[in-house]
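Here are a few notes to go with the model. Have a look at it before reading on.

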Amino acid sequence: MRLSWMTAALGLGLFVIDRVAGVAPTADSMMTLVLAVMGTLAWALLKTRHYSSVAWLLVVFLFGMASSSTWFFGSVRTVNIVLILMGQVAAGIFLSRRGLLWTTLAAIVLLGLLTWADAAGVLAGTPRFLVTWRTWMTQSAALLGVAAMMYLNRTQMRLAQELHLKEATQRLKTQLDRDIGQERFSRLFRASPTPIFVQSARTGAILDVNRAFEQVLGYSRNEVMNKRDGFLWLHDEQYKAFSHDRRSARRTDWHPITGIGRNGQHMALQICSERDEGPDDGLRITALRLPGAATSALPTFYAPLEEAHDA
C-alpha cells in the first residue's frame, strides 16, 4: 500500500516539475504521468483486495513505459530503459518463481526486439543525446523506486519472521505445559490406589494400566496392552448400560459392572469413564472401585488425581 501511493506521488511530482521547468510535453516526458497512473491503479487494487494483480500491474507498466520511451525517443539508449530493470526487481520481490522466470524471458525478448528496432532504424523518434538535470532526476527516481521495493521486501520479511517466531514460541509453550501436565498425570497415575486404565478414544485399545489395576484384576500390563476392554467384563445388562453411557457421553456416572479376573473369578465393581478429546486421537480414562469404597474425582490430564490416602 505504501509503495503504491509513493509511486503515484513520485510520478505526479516529476510530471509537475517537468511542467514548471518548461520541458516540452513530448511522449517521452509524459511517462512520469503514466507512472502516477500506475501507482494510483495499484493503490485501488490493494484497497479492493486484488493483491495478486498488483505485482503483474507493476511489471507490465514498467516494461510498457520502457518500450514506449524507447519508441518515441528513437533508441534503446534512452534513460528510461532502466525501467525494465526496475520491473525485473519487482518481479523478483513480488512474483512467484514461475512468474520471475517468465518475466525474465519476457525482458530478454523485449530488449532484443527494441535493440533490433533501433539497429534497423524503425523506431519513431530521432534520438537527441542531451544530458540535462532531467537525466539525473530520472535515474535518481529509478534508484528510489528500487530502494523502496527492497525496503518493503525487508519489512515484509521481518514481519514474517517475527510472526513465525511468535507462533513457534506459543507452540513450544503449549507443548511444554502439556508435557508438564502429562508428567504429573503419569506420576499420580502410577501411584494411585484407584485401578485406572487408559484407552484410545478412537480404537478402544488399552494404552496403559496402573499397578492398582494389575492387583485388582490380576492381569499384568503386558497382557492387556493394545487390546479392547471387552474381555474384562461380564456382558450382562449392567455392561450394556455402561457401554451405552460411554458412547453417548464424554463423562459417565459410576456404573455397577461385573469384572472377570485373570483366574476367571467374577467380582462386583463400579466403573466410571471420561473421554479427553485430543487433536488427533483422544484418550479415554477409566477408573474402577469396589462397591462401598470411596474414591476421589476421576483423573484427567487437566485435573489429575491428587495424591490422597482416601482415594
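1. Which helix does Trp102 lie in? Trp102 belongs to helix α5, residues 97-120 (helices are DSSP runs of H or I, at least four residues, strands runs of E, at least two, numbered from the N terminus). Trp102 is exposed, at 55% relative accessible area (buried is under 20%, exposed over 50%, partly exposed in between, with a 1.4 Å probe and protein chains only).

2. A caveat before more detail: this is a predicted model, so local features need pLDDT of at least 70 and side-chain atom pairs pLDDT 80 or more, while totals for chains, interfaces and linings use all residues. Residues are numbered from 1 along each chain as its sequence is written, and side-chain values use heavy atoms, without hydrogens and water.

3. Now the helix packing. The axes of α4 (residues 82-94) and α5 come within 9 Å and cross at roughly 170 degrees (axes are lines fitted to C-alpha atoms, for helices over the stretch in contact; angles run from 0 to 180 degrees between N-to-C directions). That makes the pair roughly antiparallel, a label for angles over 145 degrees. Among the residues making the contact are Ile84 and Gln88 of α4, and Leu100 and Thr103 of α5 (contact means heavy atoms within 4.5 Å).

4. Further along, Thr258 sits in strand β3, residues 255-260. Thr258 is buried, with a relative accessible area of 15%. Leaving out residues up to four places away in sequence, Thr258 touches residues including Trp233, Asp236 and His266.

5. For the overall picture, the chain has nine helices and five strands. Of its 311 residues, 41% count as buried.

Technical notes
Parallel < 35°, antiparallel > 145°, perpendicular 65-115°, else oblique.
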